[in-house]
Amino acid sequence: MSGKNDGRESWGSNFGFLMAAIGSAVGLGNLWGFPYKMGANGGFAFFILYLVLVVFAGYILVMTELALGRATGKSIIPAYRSATDGKGTFIGIFSTVAPFLILGFYCYLGGYALKYAIANLGDIFHASWGVGGADGADFFTALFTNRGESRVYTILFILVTVLIVSRGVSSGIEKFNKIAMPGLFILLVIVVIRSCTLPGAGAGIAFMFKPDWSAFAGKGIISVLASAGGQMFFSISIGMGIMVTYGSYMKKDDDIAKSGLIIPLADTVIAILAGLAIMPAVFAFGMEPSAGPGLLFMTLQNVFNSMGAAGPVFGTLFYILVCIAALTSSMSLLEAIIASFVDKALDKGQGNKRKMYCWIAGVLTMITGASVAMDGLGTYLPPMFGRFCWLDGYDLLAEGILMPIAALLTVLYFGWIKKDFLQAEIKTSSTFKTEKFYTFCLKFVAPIFCFFVLLGQIDSFFGLGWF
Ligand code: PHE
């Protein structure tokens, strides 16, 4: 490898980079994971703990990945290969396989958000293709048991992702995020205002924020920590080489220490706003909060059904918002998968093969995504590993195993073996006042955190009841 990446792309501006990185972080995890977990695990008490984790672990992990990317100027596999003198190439491979496993089911879910946006739009015009007041649970069941339609929406979502990413880092990903992320923010604020001004909204706000310190009592603190840790890990897109890849496109004078803080904080602000958009409305209409697809695709559809004439309008806005959140994340997943191959071709002097690799990865993702659609959330195919629906099976491999292992090995390596490598990189463009804090957390806090997330994920997937 010559190491000279002639023609390698970079971000057009720091703002564009931040929008892309925040776009990757803000996704389904913020919308259907955070608000419920916060409400169910101590409310404001959970939030305080989450903020502590953001500062002691999120900040450290994001900075570590960004610095690794920029120091090597390479994407995941070559970045790990060059920083570890070949010994850690496998970490790069883990970090490439994980986003691939996630992308298929992520686009399946994104495809459903698209279907809901279209159906709510249909309701505005009283069209036959609208939800038509159908119960949320019935509408969702009809969709996931219709495997043909599920595949069509999954593939459509993958196609949109491929079309944007294949245009390039700056003219595809960055350009889209620069418009979409501020758009998402505005949509979110509109929905928050509607939701929080509904009669009875207070109960939802209380559900999310009422501090319940007793959640921390005894063994409780460990289960709250496991829940908050796993949530943050997925939510800031760590352990999948995404921040390594995005960092490799940063300019040498972009401040990594600052970005490392802005990205997880912005992600947290959006998660709180998502909660304020969702929970007050759920409670105002007397529904039960939940987490996951049930909240997004059943409960909330019922909320929009109950809102009268304004329902379809807010439903359309809300599901467009979900589509944007999912799309800016799926774009980052695809970029992380293909970037190493694009770099390799550039290094070999074969020119920019981005389009080709995007399509190859896109077609392969259509296979994994279609398999999830064919499974119909565990209705049709034999369970993966004998016990999981296919969506959960892919998720277990990626989020439960590969991601935490990759992150754990990364912090151990740069905390204990190749010391000062990342700090030196961060210092080239920042005064890095937090260097001592960073080094301490990288050595001690981040490894314990990653190990703990690994245990927590295995525990929750297999229902072992450790925590
Ligand atoms: N962070 C995204 C979310 O909150 C999911 C994601 C994870 C995206 C990892 C990319 C990589 O939904």
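Is Cys-196 buried, partly exposed or exposed? At 27% relative accessibility, Cys-196 counts as partly exposed, where buried means under 20% relative accessible area, exposed over 50%, and partly exposed in between, with a 1.4 Å probe and protein chains only.

Before I go on, please keep in mind that this is a predicted model, in which local features need pLDDT of at least 70 and side-chain atom pairs count only at pLDDT 80 or more, while totals for chains, interfaces and linings use all residues. Residues are numbered from 1 along each chain as its sequence is written, and side-chain values use heavy atoms, with hydrogens and water left out.

Staying with the cysteines, Cys-358 counts as buried because its relative accessibility is 0%. The closest cysteine sulfur to that of Cys-358 belongs to Cys-107 and is 12 Å away, too far for a bond, and the structure holds zero disulfides, a disulfide being a pair of cysteine sulfur atoms within 2.5 Å.

Let me turn to helix 8, residues 169–196; helices here are DSSP runs of H or I with at least four residues, numbered from the N terminus. Its 28 residues should span 40 Å at 1.5 Å a residue, and the end C-alpha atoms are 38 Å apart, which agrees; the expected span is 1.5 Å times one less than the number of residues.

Now the pockets. On a 1 Å grid over the protein atoms alone, a pocket is an open set of points where a 1.4 Å probe fits, with protein on both sides within 12 Å along at least five of seven lines, and lining residues have an atom within 4 Å of a point. The largest pocket has a volume of about 930 Å³, and of the 35 residues that line it, the closest to its centre are Lys-37, Asp-395, Glu-399, Gln-457 and Ser-460. Helix 10 gives the most to this lining, with eight residues, and by class the lining has 18 nonpolar, 12 polar and five charged residues.

The second largest pocket holds about 170 Å³ of space, and helix 15 provides the largest share of its lining, four residues. Among the residues lining this second pocket are Thr-96, Phe-100, Phe-341 and Tyr-357, and the class count there is nine nonpolar, one polar and no charged residues.

How values were computed
Helix = DSSP H or I, 4+ residues; strand = E, 2+ residues; numbered from the N terminus. Points joined across faces, edges and corners; volume = space filled by probe spheres on them. Nonpolar A, V, L, I, M, F, W, Y, C, P; charged D, E, K, R; others polar.
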